Each structure stands twice: as C-alpha cells, then as structure tokens.
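Hello,

Here is the structure I promised to pass on. My notes on its pockets and surface follow below.

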Amino acid sequence: TGIPILLEKPIGTVNDPLDEWVEISQSATSKIYVGYVLRFDPCYKIVKEIIDSNRLGNLVYCYFHSGSWLPSWRAKDYRESVSAKNYLGGGVIAELSHELDLAINLFGQVNMNWANTMKSGFLDIDVEDLMSLEGSTDLVKKLSIHLDFCTAESRRFLLVRGDKDELIWDINKGKISLTDSNKESVIYEKVVDKNKRLRNQLESIILNKSKNNISPCNLSEGLLVLRLMKQIKDFSVK
C-alpha cells in the first residue's frame, strides 16, 4: 500500500538470516525505517556537524559508553522482560544497539579488531549483560564501545578526541562540551526530552522529510547494524 513502516530496533536478532533482510530491503514497496531514535536527540545534529566540519581535526579516538541497571528499567520483574530472555532476542547487544547505529552513522562502517561479551553474574538472566569492542573506521583511528545493563549508576556518553579538540556528549544530561588546550566550554545543555525524540522521528517519517537535516534510520542502515551485531557475537564466541 506504500504506507511507511517504523520497526522497533534492532530489525532482528543475531540469529536472523541476513539474506532475507537483504531481499526485503531490495523489494519493499513501502519505505521502512528502524527506531534508532537517538538520531533525533537535539544534541546529535550538533555533534554530527562538529565532526563533519573537521573542527576536532584528525580523529584519533572515540569511545561510546552506555551503562545502566536493568532491574530499574521497567515497572515489572526484569527477569520476565524481553531484555533478559535469549529466545526473545534479548541481551545487551540488541537492547543497546543505539550506540552501534550512532557509531556507523557518525564515523562510518566499523572494522572490528576485537569484541567480547559476557554475563556478569550480577543479574538472574540467560543473556549477555556486558559487551566491549574495539575497532576503527575510515574516519577515526580507534573506536571503542562499552555496553552494559549491570551497573547501578546510569552513564551514557560519547567522547571524541581529535588532534585539535576533544568533544564529550553526555547523552543522559543533554550536554555537549568541547575542550581546547585544557579549557572546557559547554556549548549546549538542556534536559533530555525522550518524548521529543520520538515526536521528531515520527514527524520526519510521516511528513516524509528530514528533520533539521537528520534522516531516520532506513532499512539498509538497520541492516548494517544487524551485520555488526552478528560480527560481535561471532567474534566473542571464538
């Protein structure tokens, strides 16, 4: 019918056959998007513009960190949630794949050097609750990502270091800081409105136009995230 489709992220699990998703992406008559809503955070546009403008200089290092405590996520027993069950596609890689989408979208396709996943033992679940990887892209020499939902204090941020400046995006606080010659300047700070992110995403899809030059994650881009998820899983079980 040509009605746009918005899928919850990720588009599938690490056990899904990729060829089926490739076929769908090539044959679909409706536009299909994936709900990587952090693209519609007000800070994302600023961060992307700073990186694309070469304001930081040559990019040496970037680090994504997302750590939180799964039992506090929802008003239900965490052990009964989709996040905690392997057969439902749970686990930290899928649940926090927002960071994987951001890494690809901001810095390009990830060439992975190392990855590891584990069950910390702090939670009564049958899936991994901690993941780390290191790699590189054509844009940045070293890329690191740490994801977990087994630590009590929630922290979520992106740090980018270039040979000129350093950028920190505190995602939880909606704060962007730049550091030059050890002098830190806060260039944006506003309490994060999670519902605003969702509204921005839906408006972009329904009105069929980019929101502040930011486009929703399309199916092909969602497929890149799923490929990276599979690579992480395959690498960590070697």
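The largest pocket holds about 860 Å³ of space. A pocket here is an open set of points on a 1 Å grid over the protein atoms alone, with protein on both sides within 12 Å along at least five of seven lines. Lining residues have an atom within 4 Å of a point. A volume is the space filled by probe spheres set on the points.

This is a predicted model: local features need pLDDT of at least 70, side-chain atom pairs count only at pLDDT 80 or more, and totals for chains, interfaces and linings use all residues. Residues are numbered from 1 along each chain as its sequence is written, and side-chain values use heavy atoms, without hydrogens and water.

Back to the largest pocket. Its lining has 28 residues; L96, H98, R156, K194 and R197 lie nearest the centre. β3 (59-69), β7 (150-162) and α5 (194-206) each supply at least two lining residues. β7 gives the largest share, 5 residues. By class, the lining has 10 nonpolar, 9 polar and 9 charged residues.

The second largest pocket has about 150 Å³ of space. Among its lining residues are T13, N86, E128 and K233. α3 (92-95) and α6 (219-236) each supply at least two.

L6 is in strand β1 (residues 5-7).

Best wishes

How values were computed: 1 Å grid on protein atoms, 1.4 Å probe; cavity = no way out; pocket = protein on both sides within 12 Å on 5 of 7 lines; lining within 4 Å. Helix = DSSP H or I, 4+ residues; strand = E, 2+ residues; numbered from the N terminus. Nonpolar A, V, L, I, M, F, W, Y, C, P; charged D, E, K, R; others polar.
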